[in-house]
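Reader: Before we discuss the terms, please show me the sequence and the structure.

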Amino acid sequence: MEDRPLKLVQPLTRQENPAEAPPAPAAGKAAGPGKPAAKAEKGKAGKGKPVKKKGKAHPAQNEPESPFDLSESQWYLNRELTWLEFNRRVLNEALDERTPLLERLKFVAIVASNIDEFVMKRIGGLKQQIGAGLNELTLDGRTPRQQVFECHLSIRELHAREREAFANLRLLLEQKGVVIESWASLTPKEKKHLREHYYANIYPLLTPQSIDPAHPFPFISNLSLNLLVTLRYPKARESSLARVKVPVGLGSPRFIRVGKGDHFIPLEEVMMHNLDMLFPGMQILSCEIFRVTRNANTEKDEEEADDLMAMIESELKERRFAPIVRLEIGAGMEPLHRGRLAAELELDEENDVFEVPGMLAMRDLFELTRLDYPRLHDPAHHPIDHPLLLTSRNIFHTIRDAGSLLLQHPYVSFATSVERFLREAATDPKVRAIKMTLYRTSTQSRIIDSLLLAAQNGKQVAVVVELKARFDEATNIRLAEQMEEAGIHVTYGVVGLKTHCKVILVVRQDYQGLRRYVHLGTGNYHAETARIYSDLGLLTCDETIGQDITELFNYLTTGFLARRTYQAIFPAPKLLKKALLERIEREVALNRAQGGGLIQFKMNALEDGDIVKALYRASQAGVKIDLYVRDTCRLRPGIPGLSEQIRVVSIVGRFLEHARIYYFRNGGAEEYFISSADAMKRNLEARVEILCPVTAPELTGEIRQAFETYDADHRSAWDMLPDGSYLQRHPAEGEPTEGTHQMLIAQAAKRLKDSLKEKKKLPLH
């Protein structure tokens, strides 16, 4: 397929709200050293000055003062806006002709779902700050009100691009036999059959509610589709309003099949054209559609809670009735109805109401992406078994002989590695205890089955469940209750901190005594996401790591911090951030002494101000820095004198990049770490996370190959420009056309093939 011309994504420039005070300097425009800017939050290393450490001089102590004031807001991009910028890159996959059609439709649905969650979490949180009268500036110099205003502008632009992409895909899919019909396009026979289907399968589910002075305004559930019907009695002058919820979910699809082919019609269209069943004898004057989004930030203070589980259950109930933060309406809604809905829902009609031409709730397009058209999907991907786990030999013997195994998901099977590790631990008579953390998992989980089996087999099983994993609270409460009933010791982590680390500890009676086997991962113990998220895991019996993980679990189950020492891992919130900052400083010192400084980070988000400032100082000292950041990134690369040694690359493709890797050249004594933590303030200071070293040369070689793959990508890699915009790479003539994920699939297959060849060469015993 021919290469398409590149389109530069619009920079993250500031939009001025006339109702606001003059805004801070544009995040998307570079200002020279010394130019005035609004003061940002004070970081620990603010104003570009060296960090002073007790008993040790900072490497930059004798260096000339930098002309850049690192407390100025102009050097930082906004967290919320850069996350929305990431969704522009995701949406580009829906526009890319190299991507199969149903995969392109999937990316439209992903962006729609992402924006819904963003409005619930981020806009909801910002509105809470506004309501509380908070005006503290972010690192990039914005107030909560300014952020909401600019995010709304960006969301409206994203919606417009999304609708454009969907309209284009709709036409292309029609050529392949996948048609989304309108009621007007149906034949009389099709309408008759749909009316019969509606009467039998949909009509019994509907509950029309009147909106008038005699009835309070009905409760509108989060993300629900609703019809606003205007009707009146024959010969009457006065009209009335009624609300009807579109019953999507719990077995009711959004798209109803028309006939025997792959023609579909949205459920709301069928309802709109059969309202006479709901309102017999009434005149239907109009039918309009709307949708609301509620705030998901309903967290209470767990330090004051007597019962954490009861508190979480209370939060879930409150979230259901939480304030509405967005109203979406179909195009052409009567202005009077628009105003009334905004007033009833306590919204600002000008800023909080989004008029949407075409289809609302495009996240429901996921239903159509599952259609069985192999040519319209990516080629089927089947994760391989790790070469060392092909044998039916006891997995603990394999780990013991290898020392450590690196797992690259989804290229290596989650089922035959992590799930097998737990399954064998549950049945192995020599296993004495299993401990693990659980942040997110699937409801039908083999992980949970193995833990229950282990408890039935008399093993000590302890699970630290994070009840406050956003949007998975109800699932985790059910799983915690199920495990407690089976005799598993369930705890909920440390008060005030989310337990976000991913770790399993298995204690086994080996021939020389007790030995600890550990799995540490960058992703959740979730079989479904393990097939679509790109993550790393480490299976090891390293004695030092095992001792450290034992200490970590003792902390998680008691909350007692006193005198815990760690020799290999660096947990957050106490040690992880400090370890990263110290190693950045060390790289600066070594680079000044001998040159060749190199830092490479791969993460989902770079948001922590102290880390960004440390990287700026390292760049100023000449350290080369490669940052592979999937979405949010506060740092601006390529600014002469400040960040010209820094590259920021975002990989967007078939799988969701999710692994966290931290690399330091360290004067040739290279250090590789994998982690559960992004470089975000919340991860480093308000969560229990782990930074774990990877030392075996064959494993670090695999990580090095992954870094080289990111650099070789001219298909799914985007380079950030100094103003915060991104430019997608395209292959020049003769360059590889595969993206990162295709190359990593091939590399995993080659490792397996090479391993099988080596086994054939081995002499038979």
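**Terms and their cut-offs**

Author: Helix H2 lies across E7 and strand E8 (324–330), and H2 runs at about 135° to E8. Helices (H or I, at least four residues) and strands (E, at least two) are DSSP runs, numbered from the N terminus. Axes are lines fitted to C-alpha atoms, for helices over the stretch in contact, and angles run from 0 to 180 degrees between N-to-C directions. This is a predicted model, in which local features need pLDDT of at least 70 and side-chain atom pairs count only at pLDDT 80 or more, while totals for chains, interfaces and linings use all residues. Residues are numbered from 1 along each chain as its sequence is written, and side-chain values use heavy atoms, with hydrogens and water left out.

Reader: What makes Arg440 buried, exposed or partly exposed?

Author: The relative accessible area of Arg440 is 22%, so Arg440 is partly exposed. The UniProt annotation "binding site", from an unreviewed entry, covers Arg440 and Arg470. UniProt positions are in the numbering used here, feature names are shortened, and annotations may be inferred rather than shown by experiment.

Reader: How do you know that E3 and E7 pair?

Author: Two strands pair if DSSP finds at least two bridges between them. Strand E3 (residues 225–232) and strand E7 (residues 283–294) have eight bridges, in the antiparallel sense. Val229 stands opposite Cys287 in E7.

Reader: Why are E2 and E9 said to stand at the edges?

Author: The open sheet of six strands has the order E2-E4-E3-E7-E8-E9, with mixed pairing. Strand E2 (209–211) and strand E9 (353–356) each have a single partner strand, so one side of each is left without a neighbour in the sheet.

Technical notes: Buried means under 20% relative accessible area, exposed over 50%, partly exposed in between (1.4 Å probe, protein chains only). Contact means heavy atoms within 4.5 Å.
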